[in-house]
Amino acid sequence: MKSVDLLVVGLGPGGGSAAGKAAAGGLDVLAVDRRQVIGEPVQCAEFIPNPMGAYARTHPVRLQSITGMQSILPSGAAHASDFPGLMIDRAEFDRAIARAAEDHGAELWTGSRLTALDPAERIATIRRNGQEKPIRYRALVAADGPHSTVATRLGLAPLATVITRQYTVPLRQPLGDTIIWLSDDYPGGYAWLFPRGDVANLGLGLDPQLQPDLKGPLEQLHQRLIEQGQVGPGIVRRTGGAIPVGGPRARMHSGCIVFVGDAAGLTHPITGAGIAAAVVSGEYAGTAAVAFLNGDARAFEEYEEDMRDQFGPALARAVERRQALQPLWHTPAARQDATQRRGWIAFDEYFEAAA
């Protein structure tokens, strides 16, 4: 049986960051990912805030700068706000972090899926190349997304999610801002256009219990933008996925198992932004794993305290805003600008309502 100090399940930005920090700290690290190619398929709008720029210095990771955000209200009124950041190639971003972990000594397995977990014996079973391989671990980082297999194997409650659908489409003219549409057509979410050079990510996210059809609203928005001359009719890529929107898990660690990123529920419940939180939590978790396995019994508790201190207030506000909006969807109130302003981060009302 193969034995490692740390097993990391999932090689997105959270898992890759955890693997890198732990390996740099001297641990024997194995990181596994069910995908054959790290980062693919991309299920992301591919925007990161400027503080994450250190992870996207080079081409082909960095695609273009973003200066601001246009928020379109139900009336058609547009609100401009400063919202600087970067558009990235998310697949290359994930691979760059994974390569750095490998450079520090982490072993990476792709095409490898967690099929069983025995937390009492600290044994995980990984299916790789058609064979079941038991792995004994001393600690485990769960970085396996909103539908975390690790959480399921531990019997933890599933995270609340919205679903997304996204097309990558040609841009007719250069664009330096992101565009957001706030509308009752996208209940529990919003629609977006994020430029990335000569193409853009056009997508939407919504609560499937309120609106089960994503294709129809996205096709309508795409057609409208074609008629306005903003984008072309072609579709370069289609993707979609789930985004956790219920805030952090009740517990982000269980014994020697710790959750990061989407698996920990650290994604912003209003914007859906999760890359920065994944990287930060992954790095903290990797560092905590080193401390834990060197005798600090409270290391994972302190990790969770740090994450709640750092992300808790913003996530709590976002959850409160979602709960306040929930009964208003598909009512006249949802078609009023004032309602949407209270539910979106670009407006002062968003912060005043939660005071």
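Author: Helices and strands here are DSSP runs, numbered from the N terminus. The model is predicted.

Reader: Okay. Where is Arg-249 placed?

Author: Arg-249 sits in a loop. That loop runs between strand 14 (237–244) and strand 15 (253–254).

Reader: Is Arg-249 buried or exposed?

Author: Arg-249 is buried, yet it has no salt bridge.

Reader: Which side chain of opposite charge is nearest, then?

Author: Asp-144, and it is 6.8 Å away. A salt bridge needs the atoms within 4 Å.

Reader: What is Arg-249 in contact with, beyond its neighbours within four places in sequence?

Author: Its contacts include Ser-148, Leu-156, Phe-259 and Arg-308. Ala-263, Ala-264 and Gly-265 are also among them.

Reader: New topic. How many cavities of 30 Å³ or more turn up in the whole structure?

Author: The search finds one. The volume of the largest cavity is about 130 Å³.

Reader: What lines the largest cavity?

Author: Among others, Tyr-190, Arg-322, Trp-329 and Trp-344. By class, the lining has six nonpolar, five polar and one charged residues.

Reader: And pockets? How much space lies in the second largest pocket?

Author: About 330 Å³. The pocket is lined by 17 residues, and those closest to its centre are Tyr-55, Ala-96, Ile-97, Ala-100 and Glu-283.

Reader: Which helices supply at least two residues each of that lining?

Author: Helix 1 (13–24) and helix 2 (90–103). Helix 1 gives the largest share, five residues.

Reader: How do the residues of that lining divide by class?

Author: Nine are nonpolar, five polar and three charged.

Conventions
Residues numbered from 1 in each chain as written. Predicted model: local features only at pLDDT ≥ 70, side-chain atom pairs only at ≥ 80, totals over all residues. Heavy atoms only, no water. 1 Å grid on protein atoms, 1.4 Å probe; cavity = no way out; pocket = protein on both sides within 12 Å on 5 of 7 lines; lining within 4 Å. Points joined across faces, edges and corners; volume = space filled by probe spheres on them. Nonpolar A, V, L, I, M, F, W, Y, C, P; charged D, E, K, R; others polar. Helix = DSSP H or I, 4+ residues; strand = E, 2+ residues; numbered from the N terminus. Buried < 20%, exposed > 50% of the residue type's maximum accessible area, 1.4 Å probe, protein only. Lys, Arg positive; Asp, Glu negative; His and termini not counted. Contact = heavy atoms within 4.5 Å.
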